[in-house]
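Keep the structure open beside the text as you read.

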Amino acid sequence: MARPYTLIERLANHLQRPVDDVTRKQGRLHLPDWLACVAGARKSEVAASLRSMPCDAVSAAAFLGNAQEMEDMHRTSLLHPGSFICPTALNSQAGSMDALLIAQCVVTKR
């Protein structure tokens with residue numbers, strides 16, 4: 001009898017699936033939405049706290065993107081994936097906007 005796949009193996013298989021056109025189009029909306037949340041939180045208490053901490057722009061954006069809790073909520077997991085996926089994608093070596101958006105939307109696909 002074959003052993004069951006581990007969680008990490010299942011995740012790796014999931015991430016290797018092709019991204020369909022509908023998901024790509026939806027994914028293109030997630031990043032600008034998250035960036036708007038970052039911009040909207042620039043004058044928040046979170047932003048004021050970040051000014052006294054040593055952190056780079058991507059890390060600061062990760063905090064600010066979730067400050068107003070207005071970005072994409074994944075209902076099943078009760079997480080805000082934009083808070084960690086968007087900054088990671090922005091900090092990646094994606095090479096093109098299309099690759100960046102695909103990296104971002106693969107994980108947020110519902």
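**Helices that cross**

The axes of α2 and α4 come within 7 Å of each other and cross at roughly 90°. Axes here are lines fitted to C-alpha atoms, for helices over the stretch in contact, and angles run from 0 to 180 degrees between N-to-C directions. The two helices, α2 and α4, are therefore roughly perpendicular to each other, a label for angles of 65 to 115 degrees, while those under 35 count as roughly parallel, those over 145 as roughly antiparallel and the rest as oblique. Where they meet, Trp-34, Cys-37 and Val-38 of α2 face Ala-61, Ala-62, Leu-64 and Gly-65 of α4 in contact, meaning heavy atoms within 4.5 Å. Sorted by class, this contact of α2 with α4 has 6 nonpolar, 1 polar and no charged residues. In that sorting Ala, Val, Leu, Ile, Met, Phe, Trp, Tyr, Cys and Pro are nonpolar, Asp, Glu, Lys and Arg are charged, and the others, Gly among them, are polar.

Before going further, a word on the source: this is a predicted model, in which local features need pLDDT of at least 70 and side-chain atom pairs count only at pLDDT 80 or more, while totals for chains, interfaces and linings use all residues. Residues are numbered from 1 along each chain as its sequence is written, and side-chain values use heavy atoms, with hydrogens and water left out.

Now follow α2 (residues 21-40) to another partner, α5 (residues 82-91): these helices pack at an angle of about 105°, with their axes 10 Å apart. That angle makes α2 roughly perpendicular to α5. The α2 side brings His-30, Leu-31, Trp-34 and Leu-35, which meet Gly-82, Ser-83, Cys-86, Pro-87 and Leu-90 of α5. By class, the contact of α2 with α5 has 6 nonpolar, 3 polar and no charged residues.

Stepping back, the protein chain has 6 helices and 0 strands, both taken as DSSP runs numbered from the N terminus (helices H or I, at least four residues; strands E, at least two). Of its 110 residues, 29% are buried, which means under 20% relative accessible area, with exposed over 50% and partly exposed in between (1.4 Å probe, protein chains only). Among contacts in the chain with a separation of 6 or more, 59% join residues 24 or more positions apart.

What makes up the largest nonpolar core? It has 10 residues: Leu-31, Trp-34, Val-38, Ala-41, Ala-47, Leu-50, Ala-60, Ala-61, Leu-64 and Cys-86. Helices α2, α3 (45-50) and α4 (57-67) each supply at least two residues of this core. A nonpolar core is a set of buried Ala, Val, Leu, Ile, Met, Phe, Trp, Tyr and Cys residues joined through side-chain atoms within 4.5 Å.

Beyond its neighbours within four places in sequence, Ala-67 is in contact with Ala-41, Ser-44 and Val-46. The C-alpha atoms of Ala-67 and Cys-37 are 7.9 Å apart, although 30 residues separate them along the chain. Glu-45 in α3 lies 22 residues from Ala-67 along the chain, with 8.7 Å between their C-alpha atoms. At 72% relative accessibility, Glu-45 counts as exposed.

Finish at Ser-59 in α4, which is partly exposed with a relative accessible area of 30%. Ser-59 and Thr-88 are 29 residues apart in sequence and 9.2 Å apart in space, C-alpha to C-alpha.
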